[in-house]
Amino acid sequence: MANTPQTLTKAQQEQVQQKTLEWLDFASNHWDRRFAEIPVVFDLKGKTSGMYVVRGHWKLKEQKIRYNPAIFARHFEESCATTIPHEVAHHICYELHGKKAKPHGKEWRAIMLAFGVPAEATCKLDLSDIPQRQLRRFEYICDCTSHQLTSIRHNRIKRGQSRYACPKCHQILVRAC
């Protein structure tokens, strides 16, 4: 496995983009409705093979599909057969049902059924040689102990989006100096 490629070639990226367009065309024909192209980027890291992203106001929404180039390079055929329709199905589900549909709910599963692809929420690939993202840890304290929070939780606290409590003493955690 030492010879496993860690990134996609330009030709493979073009293949992935083309297959994404093919699934969009399939959906357009199946639902007799035009689904616009969606940007595809190869910037995902970690153990996630693909991700459908929608952000912003309904008129100014940004949508894209993110693929993990390391996973696609390691498992190209499997990823093309499962990850691409999986992520396109999320896009179609959002276009047909909006935010009310659950990510892997009945609407998404129905789209996967129409695609003829198993409606699996996660893939079962060997990812042991895929580079993993390392999160920085920050020390927080309460009355009874100290806690190591990841940079994700730390940043949520800094932005005022979240507060975390100790599971033992229920005191809100504060940053250790």
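Are Phe-42 and Tyr-67 buried or exposed? Both of them are buried, where buried stands for under 20% relative accessible area, exposed for over 50% and partly exposed for the range in between, with a 1.4 Å probe and protein chains only.

Before we go on, a word on what we're looking at, everyone. This is a predicted model, in which local features need pLDDT of at least 70 and side-chain atom pairs count only at pLDDT 80 or more, while totals for chains, interfaces and linings use all residues. Residues are numbered from 1 along each chain as its sequence is written, and side-chain values use heavy atoms, leaving out hydrogens and water.

Let's start with the aromatics. Searching the whole structure turns up 7 aromatic pairs. Rings of Phe, Tyr and Trp (its six-membered ring) pair if their centres lie within 6.5 Å; planes under 30 degrees apart are called stacked, over 60 edge-to-face, and the rest tilted.

Take Trp-31 and Phe-115: their ring centres are 6.5 Å apart and their planes stand at 75 degrees, so this pair is edge-to-face. Trp-31 sits in the loop between α1 (10-30) and β1 (40-41), and Phe-115 in helix α4 (residues 106-115), so the pair ties together parts 84 residues apart in sequence. Helices (H or I, at least four residues) and strands (E, at least two) are DSSP runs, numbered from the N terminus. Trp-31 is partly exposed at 27% relative accessible area, whereas Phe-115 is buried at 6%.

Back to our opening couple. Phe-42 and Tyr-67 make a tilted pair, with 6.0 Å from centre to centre and 35 degrees between the planes. Phe-42 lies in the loop between β1 and β2 (50-55) and Tyr-67 in strand β3 (residues 62-67), 25 residues apart, so to speak a link between distant parts of the chain. There is a cluster as well: Trp-23, Phe-26, Trp-31 and Phe-115 belong to one aromatic cluster.

Now, two backbone details. Most residues other than glycine have a negative phi. Asp-32, in the loop between α1 and β1, has a positive phi near 50 degrees, and Asp-32 counts as exposed at 72% relative accessibility. His-170 also has a positive phi, about 65 degrees, without being a glycine. You'll find His-170 in the loop between α5 and β6 (174-175), and at 59% relative accessibility His-170 is exposed.
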